[in-house]
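Please keep the sequence and the three-dimensional view at hand while reading.

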Amino acid sequence: MSDKILDTLNDKQREAVEYIDGALLVLAGAGSGKTRVITHRFAHILREKHLHMRNILAVTFTNKAANEMKERIAYLTGRDAFKAWVRTFHSTGLLIIRDNPELIGYPSNFSIYDDTDSKNLVKTIMKDLNFDINTFAPASVYGAISRAKDLLISAGEYELEANSEFKEVVSKTFFAYEDNLRKNRAVDFADLIALPIRMFRENPDFLDKYRSIWKYIMVDEFQDTNKSQYELLKLIIGDNNNICVVGDDDQSIYGWRGAVIDNIYDFEKRYNAKVIPLEQNYRSTNIILESANEIVQKIPDRMSKRLWTERVSEDKIGVMECADSFREAYAIANKIKEEIEQNNYSYKDFAVFYRTNAQSRHLEEAMRRLNIPYMIFGGQKFYERKEIKDILAYIKLIVNPYDFTSFERIINVPSRKIGDITQKRITGYALSKGISYIEAITDAKSAGLKGGVLENAVNLGEILFELNQSVENLSPTNFVKILIDAVRFKDYISGYDSDGLDRWSNVEELINSIRIFETINPELNIADFLNEVSLQSSIDDMENERDYVSLMTIHNAKGLEFGVVFVSGVVNGLIPHSSSINSIKEMNEERRLFYVAITRAKDKLYLSYPLVKMSYGENSDVEASEFLAEIPEQYIEMTVKEKTEFYAYDKPSVKTSSRNSFYKPKRETKIPVSQKIEIPVITSDRAKTAKISSIKDISVGDKVIHGVFGIGKVEFVSEKMIQAKFEDYGLQQIGGNVALSIQKVVE
DNA sequence: TAATCCTTTCTTTTT
DNA sequence: GAAAGGATTA
């Protein structure tokens, strides 16, 4: 009889799946089917041991991976895997804290600070402590604090080893930072792991509860766990040796975030684990795989494993030497078009990787001009856009009125004529009385505010108070709509700058995602939505239905695969990055990073590099990455080779910034005359639009453009609103400040 | 005292 | 080429 759990596996995979009791280390090379091993093993254990879904804990690094695993498990078991404990480390930690926050003295409505929030807090603290922000960057101080927390080092312990000026600054900031997190009733990312550890250590009963639930444990991407994550695991494991970790030391690329490869070696010894290497790669061709092997084999102390593949191909690795990164982007875009025409690929089969987010701009521009649908993952993430963070800060403050960082963020947004000095009055008042910021704003008179400023403050306080009372009662969508309306966010955002329309459409997208959240989780409120978004990662919302080219950093690409992969900016200074050249350890990580990039490719790989790179707004000459020379010559084919001797004209830009938009001649941009690649002249990639000053400028029959709905035709106009029919969204009513949300399309 | 404009600084990667 | 700090204006 056929068995879909075991039959489709190769010998090694099957061995790993069937090795149920005792510790197991699966050394899973790139593309060797590790997700398959985890999901099949999950299903197999359930069946063999007659367990409930909740009895197995599987930890991954992204929500996307978790969701895919749940789907696979559902398919394999024929059971509802929605409740399966397949989660990220951080969301597992959050769940444990939420289970009983009183154990660490937190209320149930605590806030979660993301990196930006935490950095802001550090900065405020450093200013308060009179530290020079120019000498000691708040970002690196926060980095030091969070690395310490990942190592489970407390502020007190850090202080003992603070033997430099920088470390002393960190130490003092660290104390205040922890103190402030508590006062703000907030936890940061590191706390999501560190606090559960504390809860478990201090409350054995609490730990026992989880130990009795989780009878089997699996961890994905184990090479990327840091000290605290490993500690948390050790606590959960206890005497139960039924733990399986899956990892690949060659793909460890998060050392800078505190990940320790040594965890793998330690695991093997500590638990006397059986080691099963998975060496057959099902993803890449022999040429791609052998080239990748060349890159990492120079790293000493690797765990022994040599990947092999049955996929033999004639296709060499395409190398593209381009005049500058602008032309590089066009070369890539053109190559994508060419591949699609010749080889029946669709856009989904392509990905372009880069080392730094800043590199995405040229690529984006090239994709747009050549009409290639694309999606950028990471970088300026949706939830990190200013307007979105502002609204989320409002919600955070309403849910947790003691949250200073959120208070500080929104107190003068939109402008309420409350500057630094007035703000300090309010915070001073709140702290001296021990009351929440919402109470302090509402009682701003006692804080010493007067006149219009006082009125503004009190008004805001009342809005926030009302909403605070309604967190449980209002549906998330209504909650956020009322909020946005009450603080006149639309008027503010629309008059913001020339991007006002874009920004407002982001806000509408936020409302939309809240609506979706509400539909999926009808019983949850806006506070639950906050928890969800704080832990979302950049590739989580990757969808399968639409056809587009994926653009992302190499770090974001881990775990993914594409038919054709482009790695751009393969120059010394980016890959390997200039900040790594002085450290052997970091150089090895750069190697692994390049290895990860290469091994994402199934059929074809292109490596491209510019001869001139823009940095600090200045052009400088660069050379091809030293790693490139390590790829065997017979595997390489030079597909594009441009020269840089000829300089023609300044490159045009699709979008000019609203400020400083006057023409400023820059250093000549190098564009060779003998150029095969065509830059299309685009008259307009958007409809030409004209701003209107009031609703009176619109009449029935006009074509209009709306940030979210796109282009539509006006069918009805009244004094206060218009109705228009949109291509994708049908008939929509637009009210409020119509002049700001709509523009006329000029034929 | 807040908002605006101009100058300076700085860019790795992210759950 | 953007974001953030500092000086200037209102």
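## Strand pairing and the parallel sheet

Two strands are taken to pair if DSSP finds at least two bridges between them. In this predicted model, strand 2 (residues 56–60) and strand 6 (residues 216–219) run parallel and are joined by 4 bridges. Within that pairing, Val 59 has Val 219 of strand 6 as its bridge partner.

Both strands belong to an open sheet of 6 strands, paired in parallel and ordered 3-2-6-7-1-8. Strand 3 (85–88) and strand 8 (274–278) form the edges; each has a single partner strand, so one side of each is left without a neighbour in the sheet. On average, neighbouring strands of this sheet are turned by 15° against each other, direction ignored. Helix 1 (residues 11–18) lies across strand 1 (24–28) and strand 8, and runs at about 145° to strand 8.

## The chain as a whole

Chain A contains 27 helices and 25 strands. Of its 747 residues, 42% are buried. Among contacts in chain A with a separation of 6 or more, 74% are between residues 24 or more positions apart.

Helix 18 has 14 residues. From its first C-alpha to its last it reaches 20 Å, close to the 20 Å expected at 1.5 Å a residue. Its buried residues include Thr 422, Ile 426, Tyr 429 and Ala 430. These residues are on the same side of helix 18, because they cover an arc of only 95° around the axis.

Helix 19 and helix 20 (451–470) are among the elements that cover the buried residues of helix 18. The face turned away from the buried side carries the exposed residues Asp 420, Ile 421, Lys 424 and Ser 432.

## After helix 18: Gly 434 and Ile 435

Helix 18 is followed by Gly 434, which has a positive phi near 70°. Ile 435 is located in the loop between helix 18 (420–433) and helix 19 (437–442). With 16 other C-beta atoms within 10 Å, Ile 435 is partly exposed; a residue would need 20 or more to be buried, and 12 or fewer to be exposed.

Leaving aside residues up to four places away in sequence, Ile 435 touches Ala 430 and Ala 440. Ala 430 is one of the buried residues of helix 18. Ile 435 and Leu 289 are 146 residues apart in sequence, and their C-alpha atoms are 61 Å apart in space.

## Backbone features in the loops

Most residues other than glycine have a negative phi, and most peptide bonds are trans. The peptide bond from Val 413 to Pro 414 is cis, with omega near -5°. Pro 414 lies in the loop between helix 17 (404–410) and helix 18. Another cis peptide bond, with omega about 0°, joins Ile 575 and Pro 576. Pro 576 is found in the loop between strand 15 (562–567) and helix 26 (584–598).

Lys 417, in the loop between helix 17 and helix 18, has a positive phi near 60° although it is not glycine. Lys 417 is exposed, with 12 other C-beta atoms within 10 Å. Asn 371, likewise not a glycine, has a positive phi of about 55°. Its place is in the loop between helix 15 (360–369) and strand 13 (374–376). Asn 371 is exposed, having 11 other C-beta atoms within 10 Å.

Definitions and conventions. Residues numbered from 1 in each chain as written. Chains lettered and ligands numbered in written order. Predicted model: local features only at pLDDT ≥ 70, side-chain atom pairs only at ≥ 80, totals over all residues. Helix = DSSP H or I, 4+ residues; strand = E, 2+ residues; numbered from the N terminus. Contact = placed C-beta atoms within 7 Å. Expected span 1.5 Å × (residues − 1). Arc of directions from axis to C-beta. Axes fitted to C-alpha atoms, helices over the stretch in contact; angles between N-to-C directions.
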